[in-house]
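Subject: Structure for you to look at

Hello,

Here is the structure I said I would pass on. My notes on it follow below.

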Amino acid sequence: MCPICTLFLGAASMSSVITNIGAMAALKTLRAISSDLEESQARLSAGMRVGTASDNAAYWSIATTMRSDNMGLSTVSDALGLGAAKVDTAYTGMESAVEVVKEIKAKLIAATEDGVDRDKIQEELSQLQDQLLSIAQSASFNGENWLQADITAAGGTDTKSVVGSLVRDDSGVRVQRVNYELSSSTVLFDTGGDIGILDAQHAIEGSTVTLQVNVDGVVSAYTVDAFTTDDVIGIAGGAFDGDYANAGGNDYVKIAEDTWVRAVDQSGVTNQEVAYEDGTGALWAVDLTPPAGAITASVVGLTINNSTTAAQFDGLVQMVDDALMLMTSAAAHLGSVGMRIDLQIDFIDELSDSIDRGIGLLVDADMNEESTRLKALQTQQQLAIQSLSIANSSPEVLLQLYR
């Protein structure tokens, strides 16, 4: 039986001008319907079925926590963008530096050819070296430079990091970071101690030969500098007379195939056995001056001239090639870090969307359902108002009894 019919039956069973039971029941029904109607209207206007803790404490608590985490993820995404800019700046600088070092290597190889003007090549090398310095100094983003740093003061390594992710698990909330290590194999220039890839000093060994020389009747072994024919030509582009040459202010004699040593004029000297005779009557012996030893050089500090030997060129080319390999490896590392950051940015965007969807499933209102419910409640409200009006008019029927 419908509530309104029950209302009228109750009213008919008992008539009173003091207590209108039917009106009381109708009013109670109207109040309940109005409360439901207000709730439905609030859901429709806010678009949420759980807007406060009183609506559903558990869902509201979960949604509030996840919204907080989502705000943190948004900040992480911004930080990742900043980190990506740092990595891209370092990678761009490293990539440019690699191309310059390739040019330096090519210039060194060209300088080993016969008849080239090594002074001109040195001028080109100097310009390329200055360009490397400029690249390293310019590869800075927001005051942070990953190609030029004081790694000596940091004990040889210094770790740079960017925010990578926000993680909530059983141990609590923590921030994960993406790290990149600055060291002698990743930094081009060390501003504190010259141990970077391009400013580190390397020993460049020259060629030597050991000869048995008779001095005052005593045969001794002496290690002296050795030169190739190309070395001697390069030193002076000089004139050769058999196995003798005068180049760059020094005399050279040939002691074996493609092997020359500095010589001293022994004419008139009786205390040292003559080692060589050039066929013109001049007497020559090996210059017993010990080898100059290894020279030191860096990629940005190397110099070449007509005295640079073939062995030294080989050492310089090897040094540049080793630096190139380290730079290529560092560029690959930067590229992989940049790729990881890009993937993390995409992941965080998707994760944020997933959290939003999850929150929506918990607290968002179904607008179709709420609209239908609102229409039904509005109809019930109208019926309740009409019922209350009828119930309020029932005492007037009693007046008919007194007429």
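Please keep in mind that this is a predicted model.

I began with I104. Neighbours within four places in sequence aside, I104 is in contact with L125, L128, Q129, L132, V299, L302 and V320. Apart from the core that I104 belongs to, there is another core, of 9 residues, with L30, L37, L377 and A384 among them.

The largest nonpolar core has 61 residues, and those that touch the most other members are I104, L108, L132, L188, L198, L302 and M327. At least two residues of this core come from each of α3 (57-111), α4 (118-138), β4 (157-169), β5 (172-183) and α6 (310-363). The largest share is that of α6, with 19 residues. As background, nonpolar side chains in soluble globular proteins tend to be buried together.

For the chain as a whole, there are 8 helices and 16 strands. Of its 403 residues, 34% count as buried. Taking contacts between residues at least 6 apart in sequence, 63% join residues at least 24 apart.

Helix α4

How does the end-to-end distance of α4 compare with the span its 21 residues should have? At 1.5 Å a residue the helix should span 30 Å, and its end C-alpha atoms are 30 Å apart, which agrees.

The buried residues in α4 are R118, I121, Q122, L125, L128, Q129, L132, I135 and A136. Viewed down the helix axis, the buried residues fall within an arc of 135°, so they line one face of α4. Q127, Q137 and S138, on the other side of α4, are exposed. What do the buried residues of α4 pack against? Their partners are α3, β2 (144-145), β3 (148-149), β6 (189-190) and α6. At the N-terminal end, α4 is capped by D117, with a side-chain oxygen 3.1 Å from the backbone nitrogen of D119.

Aromatic pairs

The search of the whole structure finds 2 aromatic pairs. One of them is formed by W146 and Y180 and is stacked, at 5.2 Å centre to centre and with 10° between the planes. W146 is in the loop between β2 and β3, while Y180 is in strand β5, so this pair ties together parts that are 34 residues apart in sequence. W146 and Y180 are both buried.

F227 and Y252 also pair: their ring centres are 5.3 Å apart and their planes are at 85°, so the pair is edge-to-face. This pair, too, links distant parts of the chain, with F227 in the loop between β9 (218-225) and α5 (229-236) and Y252 in strand β12 (residues 250-256), 25 residues apart. F227 and Y252 are both buried.

S298 is in the loop between β16 (295-297) and α6. Is S298 buried or exposed? S298 has a relative accessible area of 3%, under the 20% limit, and is therefore buried. Its side chain reaches the backbone nitrogen of G301 at 3.0 Å. Beyond its neighbours within four places in sequence, S298 is in contact with L198, D199, A200, Q201 and M319. One of these, L198, is also among the residues of the largest core that touch the most other members.

S161 lies in strand β4. Its relative accessibility of 24% makes S161 partly exposed. Not counting residues up to four places away in sequence, S161 touches R177, V178 and N179. The side chains of S161 and R177 make a polar contact at 3.0 Å. S161 and R177 are 16 residues apart in sequence, and their C-alpha atoms are 6.2 Å apart in space.

D230 is a residue of helix α5. With a relative accessible area of 39%, D230 is partly exposed. Leaving out neighbours within four places in sequence, D230 is in contact with D114 and D258. D230 and G115 are 115 residues apart along the chain, and 9.8 Å separates their C-alpha atoms.

Regards

Note on methods. Residues numbered from 1 in each chain as written. Predicted model: local features only at pLDDT ≥ 70, side-chain atom pairs only at ≥ 80, totals over all residues. Heavy atoms only, no water. Core = buried A, V, L, I, M, F, W, Y, C linked by side-chain atoms within 4.5 Å. Buried < 20%, exposed > 50% of the residue type's maximum accessible area, 1.4 Å probe, protein only. Helix = DSSP H or I, 4+ residues; strand = E, 2+ residues; numbered from the N terminus. Contact = heavy atoms within 4.5 Å. Expected span 1.5 Å × (residues − 1). Arc of directions from axis to C-beta. Polar contact = N/O pair within 3.5 Å; in protein donor to acceptor, adjacent residues only side chain to side chain. Phe/Tyr/Trp six-rings, centres within 6.5 Å; stacked < 30°, edge-to-face > 60°.
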